[in-house]
Amino acid sequence: MFSEQLLNRLANAESVAILTGAGVSAESGVPTFRDPGGLWEQFRPEELANFDAFMRNPVLVSSWYAYRREIIRSVEPNPGHYAIAEMETLFDDFTLITQNVDNLHRRAGSIRVVELHGNIMRNYCLDCRREYKDMPDHDKDTAPRCTECGGLIRPDVVWFGELLPQDAVREAELATRRADVFFSVGTSAIVYPAAGLPHTAREHGAYVVEINPCDTDFTPYAHEVIRGPSGTVMPRLVETVKRMKNTA
Ligand code: OAD
C-alpha cells in the first residue's frame, strides 16, 4: 500500500505535517461538504455560512449550527482520527492542520491541532466577545443571546468572506514549510488558503502524499496518491511506521 520512497522519507523525516478535511470525519457519520448528499448539496452556503446571512436571519443560522453540533455530539472519532493522534507520538516535530470544526481530532487524543476554520463547539458574543462552550437557554424561535450584554452569540467558525485566524495560518504555514513529509487527507483541496498548503509543502521540498478515495484538485501534484478511506489507510500507515521505527 505504501511505496518504498514514502517509507524511506518517513524513516528519515524530522518533521511531518498532516492537513485534514471533512473526509476524515465521514466514517464517524459527519457529512462532508461536497460529496453526494454532502452539506452543500442540502443547504446553500450563501444562506447559512456567512456573516450577512447570520445578521439577516440569526435564528435560521443558529439553528443550523445547533443541528450540526447535535450530529457531532452524537458521533465518535473513528480509527482515522485515532491513528492521526498516534502519529503525533511517533515524530518529534509533528503538526496536525485541520479544516474541520468538529473537534473530533482533539476527542481522539490529538494535542497539537491547528484549527484553520475554527471550532463549532466554541461560540462567542458578537458584542462583548464573552466565550460560550454551551449556549445559554433560549426558545427555538429566537437566537441565543449573551447572558452578560444581550448580544448575539455566534459560532467560532470561519464563514465565507472572513479571514482565517492569523495565528493558525502562520503556524500552518511554518509547519508546512518545515515538513519533510506532508499528507493531505480527506480534503477536496478546493478551499483556499488551506488548499494551497500541499503546494507550499511541495515547493519547500516535502514528499507530498494524498489519501482520499477520490481524485481531488491536488491529485495531479501529489508525489504519491493512496486511494482509500482514512479510517483504513491511516491505521495501516501508523502500524507500518511503528514497525519501521522498532526495527531501525
Ligand atoms: P469536502 O466536502 O470539500 O471534501 C471531502 C473530501 O473527503 C472529498 O475529497 C472526498 O472524496 C473525501 N472523502 C470522503 N470520504 C472519505 C474517507 N472516508 N476518507 C478520506 N477521504 C474521504 O470537504 P473539505 O475539503 O474539508 O469550510 O472542505 C473544505 C472546506 O469547505 C470546509 O472546511 C468548509 C467548506 O466550505 C468552511 O466552512 C470555512
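The model is predicted, so local features need pLDDT of at least 70 and side-chain atom pairs count only at pLDDT 80 or more, whereas totals for chains, interfaces and linings use all residues. Residues are numbered from 1 along each chain as its sequence is written, and side-chain values use heavy atoms, with hydrogens and water left out.

The two strands belong to an open sheet of six, ordered β3-β2-β1-β7-β8-β9 with parallel pairing; strands (E, at least two residues) and helices (H or I, at least four) are DSSP runs numbered from the N terminus. At the edges lie β3 (113–115) and β9 (224–226), each of which pairs on one side only. From one strand to the next, the twist averages 20 degrees.

Helix α9 (residues 166–178) packs on the sheet and touches β1 (15–20), β2 (93–98), β3 and β7 (181–185), contact meaning heavy atoms within 4.5 Å. The direction of α9 makes about 130 degrees with that of β2; axes are lines fitted to C-alpha atoms, for helices over the stretch in contact, and angles run from 0 to 180 degrees between N-to-C directions. Helix α11 (residues 230–247) also packs on the sheet, touching β1, β7, β8 and β9, and its direction makes about 160 degrees with that of β7.

The axes of helix α7 (residues 79–90) and α11 come within 7 Å and cross at roughly 25 degrees. Therefore α7 is roughly parallel to α11, a description applied to angles under 35 degrees.

Notes: Two strands pair if DSSP finds at least two bridges between them. Angles under 35 degrees count as roughly parallel, over 145 as roughly antiparallel, 65 to 115 as roughly perpendicular and the rest as oblique.
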